[in-house]
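Hi,

Here is the structure I promised to pass on.

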Amino acid sequence: MLSWSPLRVVKGLSGLLGTQPGQGALALAPGDADAFAGRGMAYARLAQHQKAAADFDQAIKLKPDYVDSYLNRGLVYEEKKDYDSAIADFNRAIALKPNFARAFYARGRAYEAKGDLQQAVAGYEEAAKLAPNNKVVQKRLAEVKQKLGQ
């Protein structure tokens, strides 16, 4: 997750959410998938997972091929330890964008959290192929392989 100050995020939410019902960016563009995705990101950074997931749901409803919303909703599910839902969203993101290294990495992390280290390695390996200079991916892959004795 990005290292944004929660205070800056809260200040940034005022324009997106408004202070009263019917105000803010979503009141101006209730059919705008990007507005829902943006608010979902803000809620996710504030650890308001239910609200974040609901906004990503709406963004996906408005734009069914919204790859980033599948990834971000998956990350919210992962935070909630709902790994099966997270993996399903990461799979959908990968289906829509087969070269999406971040989704492969996230899927590997969810499998690792579930204890399925073989699937975790598979995800990390694919992410490493797509992003060979990413040190985080390389380190995670090496650590999981070491756990497996590889």
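Let's start with Asn72, which is buried, with a relative accessible area of 16%. I call Asn72 buried because that value falls under the 20% cut-off. Bear in mind that this is a predicted model. Asn72 sits in helix H5, which covers residues 67-79. What does Asn72 touch once its neighbours within four places in sequence are left aside? Its contacts are then Met41 and Phe56.

Now the overall picture. Of its 150 residues, 41% count as buried. Taking contacts between residues at least 6 apart in sequence, 43% join residues at least 24 apart. The accessible surface comes to about 8,300 Å², and carbon and sulfur atoms account for 52% of that.

As a general point, nonpolar side chains tend to be buried together in soluble globular proteins. In this model the largest nonpolar core has 28 residues, and the members that touch the most others are Leu71, Phe90, Ala93, Phe100, Ala103, Tyr124 and Val144. Which elements give two or more residues to this core? They are H5, helix H6 (83-96), helix H7 (101-114), helix H8 (117-130) and helix H9 (135-147). There is also a second, separate core of six residues, including Tyr43, Ala52, Ala53 and Val76.

Leaving aside neighbours within four places in sequence, Phe100 is in contact with Val67, Asp68, Leu71, Ala93 and Leu130.

Last, helix H3 (residues 33-45). H3 has 13 residues and spans 18 Å from its first C-alpha to its last, close to the 18 Å expected at 1.5 Å a residue. At the start of H3, a side-chain oxygen of Asp32 comes to within 2.9 Å of the backbone nitrogen of Asp34. Just after H3, Ala47 has a positive phi of about 60 degrees. Which residues of H3 are buried? They are Ala33, Ala35, Phe36, Ala37, Arg39, Gly40, Ala42, Tyr43 and Ala44. Tyr43 is the one you met above in the second core.

Cheers

Key. Residues numbered from 1 in each chain as written. Predicted model: local features only at pLDDT ≥ 70, side-chain atom pairs only at ≥ 80, totals over all residues. Heavy atoms only, no water. Helix = DSSP H or I, 4+ residues; strand = E, 2+ residues; numbered from the N terminus. Buried < 20%, exposed > 50% of the residue type's maximum accessible area, 1.4 Å probe, protein only. Contact = heavy atoms within 4.5 Å. Expected span 1.5 Å × (residues − 1). Polar contact = N/O pair within 3.5 Å; in protein donor to acceptor, adjacent residues only side chain to side chain. Areas by Shrake-Rupley, 256 points an atom, 1.4 Å probe, with all protein chains shown as cover. Core = buried A, V, L, I, M, F, W, Y, C linked by side-chain atoms within 4.5 Å.
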